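Dear colleague,

Please find below the structure that I am handing over to you. My notes on it follow.

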Amino acid sequence: MSANNAFHIAVLAGDGIGPEVMAPAIEVLRKIETKSGLSFRFTEAPAGANHYLATGKSMPDTTIKLCEEADAILLGACGLPSVRYPDNTEIAPQIELRFIFDLYAGVRPARLIPGVPSPIVGADQRGIDLVVIRESTEGLFASMGKGVVTHEEARETMVITRKTSERLFEFSFRLAERRKARGKPGALACVDKANVFKAFAFFRGIFDEIAKRHPEVKTDWLYVDACSAMLVKRPWDFDVMVMENMFGDIVSDITASLIGGLGMAPSADIGDKYAVFQPCHGTAPDIMGQGKANPTGMILSAAMMLDWLADKHGVEGAAEAGEQIERAVDKVYAGGLKPMEFGGSNGTADITKAVLATL
């Protein structure tokens with residue numbers, strides 16, 4: 001584990017374009033080492049569909065042990081559409097790690113970077129800067145691998161517990177408070193379907209209980225359908241949203257689309273002790289090996305990791321380093337950098353070179 005400003009990072013590059021976006025993120029962190037008092041030790045480990053093909057397991061016990069011993073986990077992208085378990089579900093170590101390490105808070109920021117196109121009219125003037133917090137161990141995903149299928153019907157069970165919900169909401173309120181301290185609105189909305197399902201009424205009730213402990217945070221309540229409609233009309237009205245697992249899975253893809261797409265979107269899955277940082281995009285096997293992958297989401301996930309390490313270990317320099325990475329990304333996009341998914345000509349190497357040069 002960490003000693004002062006030295007951090008051990010587990011690196012799970014994964015499948016498809018996972019290794020291609022992981023390499024630039026490591027380069028950026030190596031550059032940060034030269035500019036700060038931080039130092040990193042990276043240990044690579046296998047995980048994903050290719051490892052499953054070779055061994056019959058999504059990841060070996062040694063990978064899990066490494067993740068347990070490391071200060072943080074960097075994950076590329078795992079899984080391939082053509083590789084599946086016998087029940088026809090995809091290989092997904094990223095989901096398995098959430099259950100193994102109780103990573104209940106899925107943090108999905110969506111910030112529109114200067115120069116990046118948004119499909120929302122007015123977003124370039126109004127800005128988008130919000131965070132989706134997705135509960136990552138329960139909800140409908142608690143049924144993963146446990147569903148019952150017969151010839152006549154299929155059933156999956158959604159689970160919401162008080163213990164996890166309380167921790168999730170405490171985390172969410174603390175994040176809203178941190179954002180408020182940094183000049184953001186610091187407002188938190190609970191997104192659910194409490195008008196239809198008792199489980200979501202239970203979820204909302206716990207939210208209201210925790211809200212009483214954080215009176216300085218402005219709260220709101222939204223049904224997920226109304227929230228989705230509002231997001232694609234006025235995303236600048238949102239700050240922090242917290243929701244059940246499946247809702248968060250869907251809404252976070254919507255918010256990523258508002259800021260240029262999944263290639264621009266970082267994420268983290270955080271528990272009381274452990275955390276995994278990865279881009280929101282998938283393995284994109286259709287562009288694998290072509291130099292087209294956008295590493296921005298992975299680079300910004302590394303910046304999120306530094307901010308988390310700063311908060312967890314009290315290392316202010318790590319938070320500043322994360323902000324340096326974000327500022328460098330902002331500068332290169334404002335300067336005209338245009339990835340291929342935006343119709344531009346800048347691939348993996350161009351984006352990496354530009355960020356490193358700005359740092």
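Where is Asp239 found? Asp239 sits in the loop between helix H8 (224–231) and strand S10 (240–243); helices (H or I, at least four residues) and strands (E, at least two) are DSSP runs, numbered from the N terminus.

The model is predicted, with local features needing pLDDT of at least 70 and side-chain atom pairs counting only at pLDDT 80 or more, while totals for chains, interfaces and linings use all residues. Residues are numbered from 1 along each chain as its sequence is written, and side-chain values use heavy atoms, leaving out hydrogens and water.

Asp239 counts as buried because its relative accessibility is 5% (buried means under 20% relative accessible area, exposed over 50%, partly exposed in between, with a 1.4 Å probe and protein chains only). Its side chain forms a polar contact of 2.6 Å with that of Arg179 (a pair of N or O atoms within 3.5 Å, one able to donate a hydrogen and the other to accept it; residues adjacent in sequence count only if both atoms are side-chain atoms). A polar atom of the Asp239 side chain also lies 2.7 Å from the backbone nitrogen of Gly186.

Val196, in the loop between strand S8 (187–192) and helix H7 (198–211), counts as exposed at 51% relative accessibility.

The largest nonpolar core has 98 residues, of which Ile9, Met241 and Tyr333 touch the most other members (a core is a set of buried Ala, Val, Leu, Ile, Met, Phe, Trp, Tyr and Cys residues joined through side-chain atoms within 4.5 Å). Helix H10 (residues 296–313) supplies the largest share of this core, 11 residues.

With kind regards
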